[in-house]
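Student: Please take me through one part of this model at close range. I would like a single connected account of a helix and the strands around it.

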Amino acid sequence: MITLKGKNIYLRALEPNDLEFVYAMENDQSIWEVSNTQTPYSRFLVKQYLENAHQDIYEAKQLRLAICQDEDFPALGLIDLFDFDPQNRRAGIGIVIQSINDRNKNIGSEALHLMIQYAFHNLNLHQLYANIATDNLASLALFTKFGFQEIGVKKDWTLVNGTFKDEALFQLLNQ
């Protein structure tokens, strides 16, 4: 099992007791825009997902970790590596903190730092990329803080509440 410890938070593998947290996250329409979700998930589907969460990143092509403050606290958010491509040594990365009250407290920064270190040092990736809506100022600031560079903008990429939004593609190379 993976556990990455930082100064104030740690990232851990998903556990069966994360069912209600993951269910709530996947069905929170306020974050569907950043998670590219369009339909709700049943508890049954989330339970099946958690039962298979033990799969190695090389098998599943993704890694989702819970962001926690310590072992006695429930998850605050999720951070993912997705579209894992070991041949080309790259993956997408995404993060979401569930509660608005937990945002802007350096939790996302510490989690992103831990996952970047893991991706580059443990998985030996050459690059990470992130897709971020151009109006998501908090995410733009977070990723650029860690050296992600905008390499392009996909015009009218996502339809949100009847309006098309641009999405920027950011890339971080392991130098």
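Tutor: A residue counts as buried when its relative accessible area is under 20%. The model is predicted, and by that cut-off I132 is buried, with a relative accessible area of 4%. I132 lies in strand 6. Leaving aside residues up to four places away in sequence, I132 touches S139, L140, F143, E167, A168 and F170.

Take helix 6, residues 137-145, next. Its buried residues are S139, L140, L142 and F143. These cover an arc of only 165° around the axis, so they sit on the same side of helix 6. On the other side of helix 6, L137, A138 and K145 are exposed. The cover over the buried residues of helix 6 includes strand 5 (90-97), helix 5 (107-122), strand 6 (127-133) and strand 8 (163-173). Just after helix 6, G147 has a positive phi of about 95°.

Now the strands. Strand 6 and strand 8 run antiparallel and are joined by seven bridges. One of the pairings is that of A130, whose bridge partner in strand 8 is F170.

Methods:
Residues are numbered from 1 along each chain as its sequence is written. This is a predicted model: local features need pLDDT of at least 70, side-chain atom pairs count only at pLDDT 80 or more; totals for chains, interfaces and linings use all residues. Side-chain values use heavy atoms; hydrogens and water are left out. Buried means under 20% relative accessible area, exposed over 50%, partly exposed in between (1.4 Å probe, protein chains only). Helices (H or I, at least four residues) and strands (E, at least two) are DSSP runs, numbered from the N terminus. The arc is that of the directions from the helix axis to the C-beta atoms. Contact means heavy atoms within 4.5 Å. Two strands pair if DSSP finds at least two bridges between them.
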